[in-house]
Amino acid sequence: MRLPLGALVVLATLVLVIAGCGSSNDSTDTSATATTCKPGQLPTTEQGVLTIATDKPAYPPYFEDDDPTNGEGFESAVAYAVADQLGYPKTKVKWTVEAFNSSFAPGPKDFDFDVNQISITPVREKAVDFSAPYYTANQAVVALKDSDAASAESLEELQDAKLGVQIGTTSLEAAEAAIEPSSRPDVFNTSNDVVQALKNEQIDAVVVDLPTALYLTAVQVPEATVVGQFSAPGGDQWGALLEKDSKLTACVSEAVEALESSGELEKITQRWMSQAAGAPELS
């Protein structure tokens, strides 16, 4: 049925009013989103304080002297830089201990975010949130200098080696996908267990992320060498970990992206992770 002209005019006016209301609401939502990251006023675990977690012991080059609070080491420096972006100076940052394997378990967290070389994976993203990535790590193979594995120049030459990895890390998946070992790598509960197994020659080589490999050979097992590095299938990006659906996730991501845009993140990376570039490439 055709409507009278007057009715059409009224209808058109109502449509414009409704559209105008919609536009107003959209603007309000955008404004609300923008104010959620107001410096120093975020809905943190402890009001007025930013609580950051990591494991203990906290190893170089990520932390120095097993003390995250000193700002020394790659992840300590990144964490404080993110905190500063969020409006929390060093005096307003509190550190807490969270074991690596429990960090990405489902459930409430008693920290605002965790930095602990935690790779962003689809499985973990079902249980926790991640910020924008702050580092992309290669994997590395470490072997005792006098072992057959130490002379390998390709991933294929490591297929018959007895490999070891830490449980819960992405190194197991990377080792199986890239090296395709003839037997499943041995899995250990902690990084210390992996190191001890290498020292005791229970395994021929370990697979860890490259920066950890550099520390392992420099400090923990000086009689070992970095055989080489290789790219983890799909990449291995690390992000700050947060509770699932955390109100802080977008703000922490914005902070990381701001550090990347300003060049500050690259400066931190170059200072603490520059050695990583020198390891041989395995393919």
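**View 1. Ring pairs link Y62, F74, Y134, Y135 and W238 into a cluster.** In this predicted model, local features need pLDDT of at least 70 and side-chain atom pairs count only at pLDDT 80 or more, while totals for chains, interfaces and linings use all residues. Residues are numbered from 1 along each chain as its sequence is written, and side-chain values use heavy atoms, with hydrogens and water left out. Rings of Phe, Tyr and Trp (its six-membered ring) pair if their centres lie within 6.5 Å, and planes under 30 degrees apart count as stacked, over 60 as edge-to-face and the rest as tilted.

**View 2. Y59 and Y215 form one of the 8 aromatic pairs found in a search of the whole structure.** The ring centres of Y59 and Y215 are 5.4 Å apart with the planes at 40°, so the pair is tilted. Because Y59 lies in the loop between β1 (50-54) and α2 (74-85) whereas Y215 belongs to helix α7, the pair ties together parts that are 156 residues apart in sequence. Helices (H or I, at least four residues) and strands (E, at least two) are DSSP runs, numbered from the N terminus. Y215 has 15% relative accessibility and therefore counts as buried (buried means under 20% relative accessible area, exposed over 50%, partly exposed in between, with a 1.4 Å probe and protein chains only).

**View 3. Y62 and W238 form an edge-to-face aromatic pair.** Their rings are 5.7 Å centre to centre, with 70° between the planes. The pair links distant parts of the chain, 176 residues apart, with Y62 in the loop between β1 and α2 and W238 in strand β11 (residues 237-238). Y62 is buried at a relative accessible area of 2%, and W238 is likewise buried, at 1%.

**View 4. The largest cavity has a volume of about 30 Å³.** On a 1 Å grid over the protein atoms alone, a cavity is a set of points where a 1.4 Å probe fits but cannot get out, and lining residues have an atom within 4 Å of a point; grid points are joined across faces, edges and corners, and a volume is the space filled by probe spheres set on the points. The lining includes V78, A79, V82, F113 and Y134, and α2 gives the most to this lining, with 3 residues.

**View 5. The charged end of R124 sits over the ring of F104, 4.1 Å from its centre.** This contact requires CZ of Arg, or NZ of Lys, within 6 Å of the ring centre and within 35 degrees of the ring normal. K90 lies over the face of Y80, at 5.1 Å from the ring centre.

Methods
1 Å grid on protein atoms, 1.4 Å probe; cavity = no way out; pocket = protein on both sides within 12 Å on 5 of 7 lines; lining within 4 Å.
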